[in-house]
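Let's take a quick tour of this model, going from domains to chain contacts to overall build. Have a look at the structure first.

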Amino acid sequence: MVRDEAGRLTAALVRLLGDFALAEDLVQDAVVAALRSWPERGVPEDPAGWLLATARRRAIDHWRRQRRYEEKLAQLVREAPPPERADEVDDRLRLIFTCCHPALGREAQLALTLRAVIGLTTPQIAHAFLATETAIAQRIVRAKRKIVAAGIAYRVPAAEQLDERLGEVLAVIYLMFNEGYLATAGPSPDRRDLADDAEWLARLVVRLLPAQPEAEGLLALLRLHRARWAARFGPDGRLVLLRDQDRSLWDREAIAAASELLLGAMRRGRPGPYQLQAAIAACHAEARSWEATDWRQVLLLYDALLRLTPTAVVRLNRAIALGHGVGPDEALAEVERLEPELRHYHLFHATRAELLRRLGRPVEARAADGRALALTRNPAERRLLEERLAASG
Amino acid sequence: MKYVLMLVRSDEAWEALTDEERDYPAIMRWFGELAGRGVLQGGAELQAARTATTVSWDEGRSILTDGPFLETKETVGGFAMIEVPDLDAAIEVAQSWPAQSHRVEIRPMVHH
């Protein structure tokens, strides 16, 4: 509720006031007030109006201090009614593209998007990233100052830049989702809220900016991952790998709907990395069992993905498919070629361990699992690796 | 908005290039085109950093040092002052800089 209204309000206020940093601060104050008041007194009948009224009161306080009270107050009173729908679409897109401007670092983009677009408070963001509130507050302040000082325009990018700039937005959403889907560290293995927020934002982008196949591809990808949510953790909080998941817990309806969305995106004839990743996820989601997975298809999709994004992590994932589609020998050779780039990545060692085990080399497998364990802080992943080590010892 | 584009290079690497590789005609065309559009406010190529003389103060007394204020491999080898509507436009200008062995740092100017 707060999420939807806060981003809309920030977007409208930035346009109204022409001051990104101020608008964002005012809405943040209003959101904090809402989180304090709504649980006690109940959600007001008109949440948007409540937030706007609160933000307006804060604005008045601010300008009173600023001694520009009369002039600006007149402006606010005159223009305060909620914006019209057509404006609103542009406002919200402007806000999203400004928060995800490539002149801001990825972490700054993410923190700012969570604050200004999603409406999270600084403590909530700090909690999500296991960072201190001071660190997050500083990151946000620095980003807002840069927007103003460096002259980052508050607008939707021109058509010839749209693909590239949309790519930034999608990267921020995917990072947000992954933080929520399998947090890198910390006491709770997954933080569902961020994944929820990411899916909400992906849906918003698809709605505001129609006919963008990569945005649709990302939304399909997130939904395919989430359709398997119930099967990802055992009753005791243990991480269950794709191969071992109880597929009857998967949300078949959600999988079918996401696949439909993906097909629609692919029919637009502009393939991209998110569509390909979603297609790979769909191959897994539609397979009746691990053994019944169409590995040849998965491998073909990875080949296409590798052409678009030739990274070591994609090669590692392709090697896993190679291990099932072709054989563990070929896969191990490919994995070992990636050592210089990935030796600090826990999944490199875990994948290698898995292949070594299949090849009947348990001593080396054990050593590789040990290295993987030393490289991850995620409690659920640690537990899985510890159990493997215990079983092989 | 006014910006200074700092044209950052390794003096050593730049001096090792042939005239053809440096392609001054392309650089001149770049400056000329910006001037023609009314975007350029000034700019210059600088001599190598080893020709620098640095003035600093110690308790009110000025001291001269032979060399740049910081010894680094990459230094500012030139600059261009531009006036454009916003950062996106400044980025576009920076991306059109022809000497791709450089890096271009875009710094917004403080206006007083």
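## Domains of chain A

Taken over C-alpha atoms, the centres of domain 1 of chain A and domain 2 of chain A sit 25 Å apart. Domain 1 covers 211–230 + 249–286 and domain 2 covers 302–393, with bounds that come from an automatic or database domain assignment. Where they touch, domain 1 of chain A puts in 5 residues and domain 2 of chain A also 5 residues; a contact here means C-beta atoms, placed from the backbone, within 7 Å.

On the domain 1 side of that contact, the residues split into 3 nonpolar, 2 polar and no charged. For the record, Ala, Val, Leu, Ile, Met, Phe, Trp, Tyr, Cys and Pro count as nonpolar, Asp, Glu, Lys and Arg as charged, and the others, Gly among them, as polar.

## About the model

This is a predicted model: local features need pLDDT of at least 70 and side-chain atom pairs count only at pLDDT 80 or more, while totals for chains, interfaces and linings use all residues. Residues are numbered from 1 along each chain as its sequence is written, and chains are lettered from A and ligands numbered from 1 in the order in which they are written.

## Where the chains meet

Chain B brings 5 residues into contact with 6 residues of chain A. The chain B side of this contact has 3 nonpolar, no polar and 2 charged residues.

## Chain B by itself

Among contacts in chain B between residues at least 6 apart in sequence, 76% join residues at least 24 apart.

How values were computed. Two residues are in contact if their C-beta atoms, placed from the backbone, lie within 7 Å.
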